[in-house]
Amino acid sequence: MASTHDGVDGSGRAEASAARRDGGADRAGSAAPRLHLHVLGSGSKGNCALVEGPEGFIMVDDGFSRREVLRRMHELDLDEGRVRALILTHEHTDHVSGVSVWCKRFDGELYASAGTAGARAHLGCLPFTTFSPGEVLEIAGVRVETFPTTHDVVNPVGFRFSCKGDAIGYATDTGTLPPGALRLLADARILALESNHDVPTLRTGSYPRMLQDRILSERGHLSNAQAAEALPALVSERTEEVIAMHISQENNRPSLAVRALAEAVGAELDNELGSSATLVREGAEPLRICAAGQDRPMTVL
């Protein structure tokens, strides 16, 4: 069973740490899936996540200072020495601002699409292994399938991380979900999917019309409604966790994203705040829906 723990919960940190020490065993003592997702932060002020596989962590983006990454990792009881590789989704500052400093004390592998690696001077001088969206990589014991997304950058990508029958789907910063993205995001145990904005809130908010149009475009960000529309085709009986990602602090609320996703699959809200929702399924693990935060690191086992 998948378990979600927020970094602000001390008992959650201890339980997540114990699960890793025990080789991923769940509370019932049975063998748990082999991949975990740690979201250190997701939003316009900084993005960084860690996919934990059998050989250590694959860092996805780094939009925080080194000190902040370490603080958030330690809050989740994670060892920075286990980061084996860094892979980028795209070159926007909130995803890459911390890369140069991180790499000063990092001798692991670096991966980015050819367009991303050459898009900024401070990235171009780093020893990235480059790939074209659609290529398959093998990183730290994990199969990483890449797919193109649609964002206002050069070569943005999303990922499917797979290992020994387990899978994590990961897609943020995309205005649409192309067929390749839908195929690779489907039937993952953990699905991290952008749910950036609520359209009415965006349209009546303070953003200038030009920026609103950019966010709503095919090269912008997925709305709650777009994520919800795609969700039924992506969720399968083995999907246990859906995490709403890159939630706008100006044009959305976690509860709005969770409610939209919950309604799409018939899940019930867990509380009046709408901070999470659960779909109980006969013959399958429950499906849990929650939201990643900008300032609150979280672990999904």
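## Close-up views of a predicted model

**View 1. Two arginines sit over phenylalanine rings.** Arg82 lies over the face of Phe57, 5.0 Å from the ring centre. This is a predicted model. Arg72 takes up a position over the face of Phe64, with 4.3 Å to the ring centre.

View 2. Strand 15 and strand 16 run antiparallel and are joined by 4 bridges. Across this pairing, Ala277 stands opposite Ile289 of strand 16.

**View 3. The largest nonpolar core holds 31 residues.** Leu185, Leu193, Val242, Leu261 and Ile289 touch the most other members. Two or more residues each come from helix 7 (179-185), helix 10 (224-234) and helix 11 (254-265), and likewise from strand 12 (190-194), strand 13 (241-245), strand 15 (276-279) and strand 16 (287-291). Helix 11 gives the largest share, 6 residues.

**View 4. The surroundings of Ile289.** Leaving aside residues up to four places away in sequence, Ile289 touches Val242, Val258, Leu261, Ala262, Val265, Ala267, Ser275, Ser276 and Ala277. Among these contacts, Val242 and Leu261 are, like Ile289, among the core residues that touch the most other members. A second, separate core has 30 residues, including Phe161, Ile168, Ala292 and Met298.

**View 5. Aromatic pairs.** The whole structure contains 2 such pairs. Trp102 and Phe106 form a tilted pair, 6.2 Å centre to centre, with 45 degrees between the planes. Trp102 and Phe106 are both buried. In the pair of Phe159 and Phe161, the ring centres are 5.5 Å apart. Their planes meet at 45 degrees, so this pair is tilted. Phe159 has a relative accessible area of 0% and is therefore buried. Phe161 is buried too, with a relative accessible area of 0%. Phe161 also belongs to the second core.

Notes: Residues numbered from 1 in each chain as written. Predicted model: local features only at pLDDT ≥ 70, side-chain atom pairs only at ≥ 80, totals over all residues. Heavy atoms only, no water. Core = buried A, V, L, I, M, F, W, Y, C linked by side-chain atoms within 4.5 Å. Buried < 20%, exposed > 50% of the residue type's maximum accessible area, 1.4 Å probe, protein only. Contact = heavy atoms within 4.5 Å. Phe/Tyr/Trp six-rings, centres within 6.5 Å; stacked < 30°, edge-to-face > 60°. Lys NZ or Arg CZ within 6 Å of the ring centre and 35° of its normal. Pairing = 2+ DSSP bridges.
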